[in-house]
Amino acid sequence: MAFDPTRRLLLLSTALGTALLTACAIHPAASDRAPVVFVHGNGDTAALWTTTIWRFESNGWPRERLHAIDVPYPQARDDDTKAQPGRTSSAEQLALLSAEIDKVLAASGAKQVVLIGNSRGGYAIRNYVASGGAARVSHVVLGGVPNHGVWNDPAVLPNNEFNGAGPLLKRLNAPQGAEGLEVAPGIRWMTIRSDNNDKFAQPDAVWVGRRGQPTNVSYDGPALKGAENVVIAGIDHRETSFGPAAFEQTWRFLTGSAPATSAIAAETPIVLDGKVSGFGVDNRDGTSPSNLPLVGATVEVYATDPASGERRGAAVHRKTIGADGRWGPFTAAPGAAYEFVIAAPGYATTHVYRSPFPRSSRIVNLRAERLQDADRDAAAVVVLTRPRGYFGLGRDRIAFDGKAPPGVPPGTAGISSSRLKVAEVGRSVAGEFNGERIVGRAWPIASNELTLLELHF
């Protein structure tokens, strides 16, 4: 159901020879696999690693050695040196990662971990290594990490994490050794980037709200001197970590050989769980995303007709969210499409439609949504969302209610959701992306309800 990686021209540039890579690879026996800690990006959740973890499992990496963290307040501060409600500093993000690594090593008995990060998550990884953690890390994989900044200008938000001229990145990029490397020795490093389709590695600052202004950053901004730097043509910012081509390169880097498959193997039983969250400080106010438990929310799960989105009977699962934030466990039927309904004070009743789940997961995280003022003139609003990538017009096969998705511009793929106003309540609305098709129902705005069609791939 994911896009076909054979459409992508794979371009590799490497700072390490193939023989060295093979010699340094992790032992291929499943019982010896190192624990892996996945670190999500700005504003995101652990849930974005779901399909990556499924691919690791499908190739024999033990489930109990795959860990994805949730940063409670996942969005970076505007100024890393100043407290900002609902935002996390680089120091706080570092402390969270350090605590997770301690926990993973204690539970596994291993001496080292593999660290894999997307976007801002790579900053925490590099910060951990630079702050005394190098001996506890064997391999680092950085997908789409803006290692030299999203922009590089001391006059624009000078203390922001994403400023290449700011204190964090100046420290992390300080040349090391006689060769002036940007990576710590003793660790195997790989970066994965797009050739020119990453919204946060662009010469023009359009994606940071300054169209026509130079970023002073080039397409190769994610590359690091001393790492194996992989370029995959056409992929977008998130596909540098969550796409099948990125998985194939990650597996090769860690094991010294290609994966048996980049497809996701089905399993039974399928047990699903995850956390429910919202927005703002303690989920109550503001617009910054939160990964804190939305205590008191309710979740209902319905099996649906995949062709119409109609419910097939009563709820098959129901739970009120407690202090741990978890909505499961729930045993899903193989091949069944589901609607997840989240209800909480201060939020729209959010109807999330998902494709059938091929495997179990404990990070099927749900986030309650709010209606926007601009929605109020519609009978219903349906959102097509792709958390693990962006929509590329001309690159991808996309249809939203049979048409091109509203609000998605041509050019660099940088929009991951499309919002459709619907005049007729209760009708079926389909979203299609590169072979994955989800059908939901248009729920009425008059009763404060919202529909999300959430793509796996």
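Analyst: E300 and R318 form a salt bridge whose closest N and O atoms are 2.7 Å apart, a salt bridge being a side-chain nitrogen of Lys or Arg within 4 Å of a carboxyl oxygen of Asp or Glu. The model is a predicted one, in which local features need pLDDT of at least 70 and side-chain atom pairs count only at pLDDT 80 or more, while totals for chains, interfaces and linings use all residues. Residues are numbered from 1 along each chain as its sequence is written, and side-chain values use heavy atoms, with hydrogens and water left out.

The pair links distant parts of the chain, 18 residues apart, with E300 in strand β12 (residues 298-304) and R318 in strand β13 (residues 317-320); strands here are DSSP runs of E with at least two residues, helices are runs of H or I with at least four, and both are numbered from the N terminus. E300 is partly exposed, with a relative accessible area of 22%, whereas R318, at 55% relative accessibility, counts as exposed. On this scale, buried means under 20% relative accessible area, exposed over 50%, and partly exposed in between, computed with a 1.4 Å probe on protein chains only.

The two strands that carry the pair are themselves partners, for 4 bridges join β12 to β13, and these strands run antiparallel; two strands pair if DSSP finds at least two bridges between them. Within this pairing, T298 stands opposite T320 in β13. Both strands belong to an open sheet of 7 strands with mixed pairing, in the order β13-β12-β15-β16-β23-β18-β20. β13 and β20 (417-422) stand at the edges of this sheet with a single partner strand each, so one side of each is left without a neighbour in the sheet. From one strand to the next, the twist averages 20°, where axes are lines fitted to C-alpha atoms, for helices over the stretch in contact, and angles run from 0 to 180 degrees between N-to-C directions.

The structure holds 28 salt bridges, and other charged pairs can be set beside this one. R136 forms a salt bridge with D102, the closest N and O atoms being 2.5 Å apart. Here R136 lies in the loop between α4 (120-133) and β5 (137-143) and D102 in helix α3, so the contact ties together parts that are 34 residues apart in sequence. R136 is partly exposed, with a relative accessible area of 28%, and D102 likewise counts as partly exposed, at 37%.

Helix α3 also contains E100 and K103, whose side chains meet in a salt bridge at 3.4 Å, N to O. Being 3 residues apart in the helix, E100 and K103 are separated by about one helical turn. E100 counts as buried at 14% relative accessibility, while K103 is exposed, with a relative accessible area of 52%. Elsewhere, D236, E239, R386, R395 and D396 are linked in a network of salt bridges.

A further sheet can be described in the terms used above. This open sheet of 3 strands has antiparallel pairing and the order β19-β21-β22. Its edge strands, β19 (398-400) and β22 (436-441), each pair on one side only, and the twist averages 15° from one strand to the next. Between β19 and β21 (residues 428-433), which run antiparallel, there are 3 bridges, and the bridge partner of A399 in β21 is E432.
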